[in-house]
Amino acid sequence: NGSRTGFIGWKFRPTFEWSAVIDDSGISHYSLRIASGEVISKTTLFLFSQDLTAEDLTLNTETNTLNYTLPKDSALPYGTYSWQVRAMDGAQNGGGWSATQTFKAGFLPLWASIVIIALIVVLIGALIYLFTGRRGRYYD
């Protein structure tokens, strides 16, 4: 909760982690929902995946947690997001949604990254001109 992923750019593939649920009838799948902003509602829903089966998830047996990384075609742009997960048991009963967690994708928006890179290029060019331009001049 409150973490930041990525640095520069516009396509981030965060890895989500949550505690595995144990149920006598077994867990058929997990539902993950991601919203832009800090609040999840039906009008702000950005991504919704209801079929995260065992093949989609990685189980850490030491901590009994599950991991899921967004696929490339669902990568997130710079921004703030919130997410929730819930389990569906073998009888297709959905558990309650987990507490809402938030995260930020990227440290800088793409436009700020481009401006910084352009400024660095101009600075390097000016330094090269300053040091090589004087060397080629002759003074009387």
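User: Is tyrosine 30 buried or exposed?
Analyst: Tyrosine 30 counts as buried because its relative accessibility is 6%. Buried means under 20% relative accessible area, exposed means over 50%, and partly exposed is in between, with a 1.4 Å probe and protein chains only. Keep in mind that this is a predicted model, where local features need pLDDT of at least 70, side-chain atom pairs count only at pLDDT 80 or more, and totals for chains, interfaces and linings use all residues. Residues are numbered from 1 along each chain as its sequence is written, and side-chain values use heavy atoms, leaving out hydrogens and water.

User: Good to know. And tryptophan 18, buried or exposed?
Analyst: Tryptophan 18 is buried too, at 8% relative accessibility.

User: How many aromatic pairs are there?
Analyst: There are five aromatic pairs. Rings of Phe, Tyr and Trp (its six-membered ring) pair if their centres lie within 6.5 Å; planes under 30 degrees apart are stacked, over 60 edge-to-face, and the rest tilted. Tryptophan 18 and tyrosine 30 make a tilted pair, 5.6 Å centre to centre with 55° between the planes.

User: Which parts does that pair tie together?
Analyst: Tryptophan 18 lies in strand S2 and tyrosine 30 in strand S3, so the pair ties together parts that are 12 residues apart in sequence. Strands here are DSSP E runs of at least two residues, numbered from the N terminus. Tryptophan 18 also forms a tilted aromatic pair with tryptophan 83, at 6.2 Å centre to centre and 55° between the planes. Tryptophan 83 is in strand S7, so this pair ties together parts 65 residues apart in sequence. Tryptophan 83 counts as buried, with 10% relative accessibility.

User: Nice. Which residues do ring pairs link into a cluster?
Analyst: The cluster is made of Phe16, Trp18, Tyr30, Tyr81, Trp83 and Phe103.

User: What about the largest nonpolar core, which residues touch the most other members?
Analyst: Those are Phe16, Trp18, Tyr30, Leu32, Tyr68 and Trp83, in a core of 19 residues. Such a core is a set of buried Ala, Val, Leu, Ile, Met, Phe, Trp, Tyr and Cys residues joined through side-chain atoms within 4.5 Å. At least two residues of this core come from each of S2 (15–19), S3 (27–36), S6 (65–69), S7 (79–89) and S8 (101–105). S7 gives the most, four residues.

User: Switching topic: what lies over the face of tryptophan 97?
Analyst: Arginine 33 does, at 4.0 Å from the ring centre. The rule asks for NZ of Lys or CZ of Arg within 6 Å of the ring centre and within 35 degrees of the ring normal.

User: Which strands form the open sheet?
Analyst: The open sheet has three strands in the order S2-S6-S5, with antiparallel pairing. Two strands pair if DSSP finds at least two bridges between them. S2 and S5 stand at the edges with a single partner strand each, so one side of each is left without a neighbour in the sheet. S2 and S6 pair over five bridges, and serine 19 has threonine 65 in S6 as its bridge partner.

User: Last one: where is asparagine 64, and what is its phi?
Analyst: Asparagine 64 is in the loop between S5 (58–60) and S6, and its phi is near 55°, a positive value in a residue other than glycine. Most residues other than glycine have a negative phi. Asparagine 64 is partly exposed, with a relative accessible area of 33%. Glutamine 92 has a positive phi as well, near 65°, and sits in the loop between S7 and S8.
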